[in-house]
Amino acid sequence: MFRIDRRFIQNFDWVTFITIIAISCIGIMTIFSATRQPGDAPQASFYIKQIVWLMISICALIAVVSFDYIWLGRIALPLYVIGVLLLVLVLVSGRTGMGAQRWLSFGFFSFQPSEFFKLIFIIMLASYYSLSREALQAISLMRVFFTVVFLPFLLLFKQPDLGTAIVVFLIFASVSLAKGFQRKLLVTLVVIGLVSLPFVGNIAWTGLKDYQKNRLIAFIDPQADPTGIGYHINQSKIAIGSGEFSGKGYLKGTQGPFRFLPEKHTDFIFAVFAEEWGFMGSFFLLFLYFILLVRGLDTARKAKDDFGRLLALGITFMFTIYFFVNIGMTLGIMPVVGIPLPFMSYGGTALLSNFISAGVLINIRTRRFSLFY
């Protein structure tokens, strides 16, 4: 199971590793700037906690890379069952914070199971789809939806963690598309989706909390209540726009430390970064994410087996969805759904989960040659 030799070091995916380390360091610098206090008030300790979590996450990544990823497929079902049970436990005895019941607490330590469930879900989906080389048929797609997707989607929606629930569904749709549909099934699904959209939308709207409905209203018309439900998006746009071409300079931004921008070190950290580094800095940051996403797709293309290919695609799709939704909501072109920016936003569980996922990507690329089998 464990096999590390000189060839392993030579084939290690240093590009992905260095890219996520660079993004994480930029994130810690931005967290420091966003949470600094005006005047002589003491500096908040968020950045120190993030540094500690980064060290833990690097160790976790090395541990994940050190064993053959093929073992993940063999334990996919037990992992999935444990993941679903943790989501059930969250609803039964989870800790509530900011209107949502998402965390499990064990004394001094607490974590968010949904952050780890996304990777478990991808492993389960890749394992199931890799069992057959045939394109998906209607009955097999429905079987996967009702046995693998529906229950966790419902549990996440009930927390409520609408952002993660949407991500799980989009991962299912994108990995299924990558697996391959029969042409008739694809046309049928498109027609059913278009016809049922008004009914599904009405049901989903009824099930939303009031603050979630306000976020959608603010997305459609942010000027309807600029000091109320539209405040978040408007302040984010002001921060990004005020950065102009070259930015105000590091530690010279005002939206974060003066608390004009809510969630400045978590979901809206990109707005703080763009204010201080401007268009040029933002372009460089987006280029780093572009390298990560392209590298993930290339890893999927070069994977040795179908399980590795689908696993790499699922993880890359997950990073892509998070990236586009987070940047989109800070720019006001997507509704606010509480999705962090991978490797940048403050949060130990999310950082650890992302590093483990990146570790799986590195594992697949490193072991793409038969000499490791």
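Which residue takes a positive phi just after α8, and of about how many degrees?

Reply: The model is predicted: local features need pLDDT of at least 70, side-chain atom pairs count only at pLDDT 80 or more, and totals for chains, interfaces and linings use all residues. Residues are numbered from 1 along each chain as its sequence is written, and side-chain values use heavy atoms, with hydrogens and water left out.

The residue in question is G180, which has a positive phi of about 115 degrees just after α8. Helices are DSSP runs of H or I with at least four residues, numbered from the N terminus. Helix α8 itself covers residues 162-179, 18 residues in total. From its first C-alpha to its last, α8 reaches 26 Å, close to the expected 26 Å; the expected span is 1.5 Å times one less than the number of residues.

Several residues of α8 are buried, among them L162, V167, V168, I171, F172 and K179. Buried means under 20% relative accessible area, exposed over 50%, and partly exposed in between, with a 1.4 Å probe and protein chains only.

Within α10 lies Q212. Leaving aside residues up to four places away in sequence, Q212 touches P160 and also L162, where contact means heavy atoms within 4.5 Å. L162 belongs to the buried set of α8. Q212 counts as buried because its relative accessible area is 8%. The C-alpha atoms of Q212 and V336 are 8.4 Å apart, although 124 residues separate the two along the chain.

Beyond this part, R367 follows α14 (348-366), in the segment after that helix. R367 is buried but has no salt bridge, and the nearest side chain of opposite charge, D68, is 4.6 Å away. A salt bridge requires a side-chain nitrogen of Lys or Arg within 4 Å of a carboxyl oxygen of Asp or Glu; Lys and Arg count as positive, Asp and Glu as negative, and His and the chain ends are not counted. The side chain of R367 does reach the backbone oxygen of S66 at 3.3 Å. With the side chain of N363, the R367 side chain makes a polar contact at 2.8 Å; such a contact is a pair of N or O atoms within 3.5 Å, one able to donate a hydrogen and the other to accept it, and residues adjacent in sequence count only if both atoms are side-chain atoms.

Technical notes:
Helices (H or I, at least four residues) and strands (E, at least two) are DSSP runs, numbered from the N terminus.
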